[in-house]
Amino acid sequence: MIVVQEVIEELRWYYRDGDEETRGKPITAPVQRLIGLTVLCTAAIPRLRLGKRTPFQLAGPVVLDISSLVPFTTQDATKHEGRLLIREIAGLVRALQPWASASASEDDLGQMKKLLRDLLDATVVACVSSIQASLSIREFERLFPRLVVKSALQKGWEDGQRVMVEIQDVLAILGTLPELPDPMSTSGLIYLAHAEPAVPLPLAKLTDLHPLLVDCLQTNLATDETLFLLLRLLSQQSPQPDATEIPPDIADSLCSVLSALASTHLDPFMRHLNLRLLSMVLSKVHQTVRLNVLLRLTTDEELPQMRSAAVGLLKEATLNALLSPDYSTEANPLASPTLLRAFGPVLFKTSPPDFLALSHTKEDLERSLELLRIIDCLSFYYVLLLRDRKNATGIRDPDNVASVERSFLRPLRRFLDQCITMQGEPLMTVLSLQANLERVDAAVTTVKGTAKSDNRGA
């Protein structure tokens, strides 16, 4: 135990008591030292003679010191180091629990169990980024197999899963199973996500879990576990699909944080996953809330990447609305003239308004997010023209067709004519714009021809 105390003192002085001037050189391999310390404690403490001391009095200070050092030493831990530390801490708890139970009083044992549970919680939270069990990716690929071109599973995710199985076993031995399915802390949320067998999660639980879920996403903590739980909660089927299932304030909060992740996450797959979650949230709110959220997302100046993706969400929501039997403005605004009143000025005008008239270099166009948004807007217009056969939204009205032509399509044609004259190979974005515009023109021609046939038939 002398060696244990020396290591603890060195680490504690460096992380807690030392200052910038007295620390000197950075301490080497702090996680490895803590892992070695934990291994020593696992072997040494159960062999100690208690004498007049209780197990809590003997082991408590050491466990408390290790627990306080975990958050500091794991800041730069690798995936392997984090997983190994979780395993060794689990081994320490597994060794100390029967040793304490053999001689401790009921009160002393209760204190010891609490201390060991706190150590487990602190370690799992501090090392959660090392678990990497691909929970959210596996669940996404299970729910949406048609959207998976190539699996995004992380290499070695099985080991992360095995680590959390060990933690669950130790919690059972300790007799302090987490408060499932109502976690009150980040560690409880992590345990809930990794629980085997899986704990049932009806959508009604979202209200209780919402504060923890949003906090984890905003602080980038336990992101994999949080997204996994959201996928499970939001994939629950309701007997009444059109019923309001998520309260407006919760939906608004979730949409804000998910849209930020869908716009800024460095991993393309995770951006796609968050966008799908955003769509799932929108499918479970009142129609008016859905319209307002989509309007905010399509005009969000702070997240320009989201404005383009939001057009795709709007298209998806509109097509679902057109399949619904409700065609009144009040019941289903996305399948009514309200759609064009709300989104027409957003979709069929550029941002800034004179974007197509400005002079752009080839490099500017290559980096332009607005061109991508215009492509999505053309796609939305094309699909709506063809799918809204009953003209519930008024998209086929001659006045609306003429308005879109005047404010959007005609300036776009002039812009494309100028782009074609640029030297070098044309940009793929410009070619995509050209193809989408031609497709829209064909759809408009079809709609006009159908209208003339209907008028002659009348």
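**Reading the core and the helices**

A: The model is a predicted one.

Q: Which residues have the most contacts inside the largest nonpolar core?

A: They are Ile 66, Leu 206, Leu 258 and Tyr 381, in a core of 149 residues. Helix α19 (residues 369-387) gives the most to this core, contributing 11 residues.

Q: How are two packed helices described?

A: One states the angle between their axes and the distance between the axes. Here, the axes of helix α5 (residues 79-103) and helix α9 (residues 157-174) come within 10 Å and cross at roughly 20 degrees. Angles under 35 degrees count as roughly parallel, and α5 and α9 are therefore roughly parallel to each other. The crossing of α5 past α9 is left-handed.

Q: Which residues of α5 and α9 meet?

A: From α5 come Arg 83, Ile 86, Arg 87, Ala 90, Val 93, Arg 94 and Gln 97. Their partners in α9 include Trp 157, Asp 159, Arg 162, Glu 166 and Leu 174. The residues of this contact comprise nine nonpolar, two polar and six charged.

Q: Which residues of helix α8 are buried?

A: In α8 (residues 135-143), the buried residues are Leu 135, Ser 136, Ile 137, Glu 139, Phe 140 and Glu 141. Among the elements that cover them are α10 (186-194), α12 (223-234) and α14 (268-282).

Terms used
Residues numbered from 1 in each chain as written. Predicted model: local features only at pLDDT ≥ 70, side-chain atom pairs only at ≥ 80, totals over all residues. Heavy atoms only, no water. Axes fitted to C-alpha atoms, helices over the stretch in contact; angles between N-to-C directions. Helix = DSSP H or I, 4+ residues; strand = E, 2+ residues; numbered from the N terminus. Parallel < 35°, antiparallel > 145°, perpendicular 65-115°, else oblique. Left-handed = near helix turned anticlockwise from the far one by under 90°. Contact = heavy atoms within 4.5 Å. Nonpolar A, V, L, I, M, F, W, Y, C, P; charged D, E, K, R; others polar. Core = buried A, V, L, I, M, F, W, Y, C linked by side-chain atoms within 4.5 Å. Buried < 20%, exposed > 50% of the residue type's maximum accessible area, 1.4 Å probe, protein only.
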